[in-house]
Amino acid sequence: MKCENFDAAARARTWDNLGNNQVLYQLSYGGPVSTKREFVDIRFAFDRHAFAQRRGRDDMTDALDTLLARVRERVTPDVDERARLDAAIARLDERVAAAIDDCPVAADTLHVGSTARGTWLPGDRDIDLFVRFPPDLPRAELERHGLAIGHAVLPDGHEEYAEHPYVTGEFEGFAVDLVPCYRVESATAIRSAVDRTPFHTRYLAARLDDAFATDVRVAKRFLSAIGVYGSDLRTRGFSGYLTELLVLEHGGFRNLVEAAADWQPPVRFDPEDHGTRRFDDPLVVIDPTDPERNVAAVLSATNLARFQHHARRLLADPDDDRFAPRSPMALSSADVRRELDRRGTTPVAVRFDAPALVDDQLYPQLEKSLAGVRTALDDHGFDVLRSQAFADRTGVLLYELAVAERPAVERHVGPPVSAREHAARFYETYAAADCDGPFVDGDRYVVERERDYRTADALLADGFDGIALGTDIERAIDDGYSVLVGDDVPALADEFGADLADYFSPSP
């Protein structure tokens with residue numbers, strides 16, 4: 001795998017790292033270990049300070065190895081759980097085969113995803129089955145036959161939509177997605193985005209042994225605990241496939257966090273050395289099955305930075321808590337009021353009925369709308385300190401303002417008096433206007449005119465013309481919205497207490 005713009009020192013493997021990796025393997029999988037500690041003693045015999053530093057690093061290494069050994073045990077599904085999964089998949093395969101027999105189009109089925117690759121975490125109950133159809137089948141026919149098979153296999157299931165509809169439902173305690181796709185020859189010949197998933201499964205199946213699969217599960221648990229696991233457009237974190245590729249590239253979880261601690265984005269990896277495009281993303285991992293795709297395209301710069309931060313914290317202070325999800329208690333309205341009083345800011349929120357969209361469609365629109373309204377507030381001088389979008393039954397765009405109220409007048413600076421043509425036009429425009437000026441201040445004409453909006457709620461109550469909003473968010477707001485200011489904002493805790501807990505107690 002080729003890595004560009006990567007600190008060579010961070011990639012170098014010293015004798016000590018090799019020794020530690022042996023210890024790590026022994027703790028995890030058993031087997032003899034010889035670390036030749038005599039060499040360490042000789043190496044530092046003439047430098048007591050260096051030896052003390054080395055001893056501290058060895059102690060930390062031992063602590064991390066011990067922690068990772070415990071985590072490996074916790075993230076490995078037990079025999080009974082594996083047996084239940086295997087039995088459920090076998091029975092699902094029988095159902096799918098029977099449904100395909102009744103289908104007038106030739107098709108086959110393929111088990112994909114983490115349960116197919118052995119990288120699923122205990123308690124995960126997801127089974128992904130893809131039904132593959134001939135590539136010359138019209139899209140409408142693929143959807144029709146795919147849904148028919150899905151409903152036959154999962155009679156109590158319901159339809160959801162990604163690039164095209166599929167059936168999802170429950171089977172023997174497992175959440176099952178039954179997805180139609182095209183049986184194409186390569187990932188570069190896909191007709192829909194899901195067509196490449198079988199190639200991911202094939203690629204990884206040839207490379208992930210039990211040891212790597214275990215380290216992938218460790219990585220997933222770590223990424224989940226710090227809130228950056230998931231490639232949905234709400235999370236914008238690490239997908240399972242990206243996590244698997246990164247663990248493979250670095251030879252295990254520990255090596256991955258050691259390397260990530262020193263990454264200098266943008267960082268680029270190309271597993272098959274076949275990439276044909278350049279990307280501007282902070283992390284680029286060229287898809288081994290598609291030279292024109294960045295597997296990390298969804299990952300945000302913020303979540304990459306959070307991963308680096310927590311990688312450093314794990315290395316500096318190995319602790320079980322670093323693999324435990326952070327779950328702050330939901331705030332009450334009284335709690336929110338206390339937080340706002342403590343911060344001394346002016347909160348303002350726009351509330352509307354949330355559009356009936358899946359998260360991957362809703363959250364990009366929420367982010368666009370959040371940014372559009374923030375720009376308008378900043379442009380009118382209300383100085384947004386922080387903002388956040390929430391969605392459940394209703395949608396909320398929340399802003400904390402550093403400025404509660406602006407003066408009745410605003411200063412408007414014109415061109416230099418020496419710029420005769422432009423200056424004359426400015427002067428003539430405002431000479432007869434209802435304002436103070438024009439007058440000369442320094443070398444420019446200046447006027448002080450009446451401000452359009454003295455408060456943020458006045459601005460927002462006047463509508464959203466000229467403000468960039470997501471299409472469906474704009475329609476929802478057109479149907480009706482409310483503006484909450486100051487003491488009205490804590491009422492949001494009734495619906496968004498958990499989100500507000502995260503908002504007022506941000507973590508790296």
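**Close-up views of a predicted model**

**View 1. Lys-220 and the residues around it.** Setting aside residues up to four places away in sequence, Lys-220 touches Ser-114, Thr-119, Leu-121, Tyr-229, Gly-240, Thr-243 and Glu-244, where contact means heavy atoms within 4.5 Å. This is a predicted model, in which local features need pLDDT of at least 70 and side-chain atom pairs count only at pLDDT 80 or more, while totals for chains, interfaces and linings use all residues. Residues are numbered from 1 along each chain as its sequence is written, and side-chain values use heavy atoms, with hydrogens and water left out. Lys-220 lies in helix H9 (residues 210–225); helices (H or I, at least four residues) and strands (E, at least two) are DSSP runs, numbered from the N terminus. With 4% relative accessibility, Lys-220 counts as buried, a term that means under 20% relative accessible area, with exposed over 50% and partly exposed in between (1.4 Å probe, protein chains only).

**View 2. His-200 in helix H8.** His-200 is part of helix H8 (residues 197–205) and, at 6% relative accessibility, counts as buried. Leaving aside neighbours within four places in sequence, His-200 is in contact with Arg-117, Tyr-241, Asp-287, Thr-289 and Arg-293.

View 3. Eight of the eight residues of strand E11 (residues 394–401) are buried, so the strand is largely enclosed by the rest of the structure. On one side these are Thr-394, Val-396, Leu-398 and Glu-400, and on the other Gly-395, Leu-397, Tyr-399 and Leu-401. Strand E9 (residues 346–353) runs antiparallel to E11 and is joined to it by eight bridges, with Ala-349 opposite Leu-398; two strands pair if DSSP finds at least two bridges between them. Strand E10 (residues 384–391) is also antiparallel to E11, through seven bridges, and Phe-390 has Val-396 as its bridge partner. A hairpin of two residues links E10 to E11.

**View 4. The open sheet E12-E14-E13.** Three strands form an open sheet in the order E12-E14-E13, with antiparallel pairing. Strand E12 (409–416) and strand E13 (435–441) stand at the edges, each with a single partner strand, so one side of each is left without a neighbour in the sheet. E12 and strand E14 (residues 444–450) pair over six bridges, and Arg-411 stands opposite Glu-448 in E14. Helix H15 (residues 420–431) packs on the sheet, touching E12, E13 and E14.

How values were computed
Axes fitted to C-alpha atoms, helices over the stretch in contact; angles between N-to-C directions.
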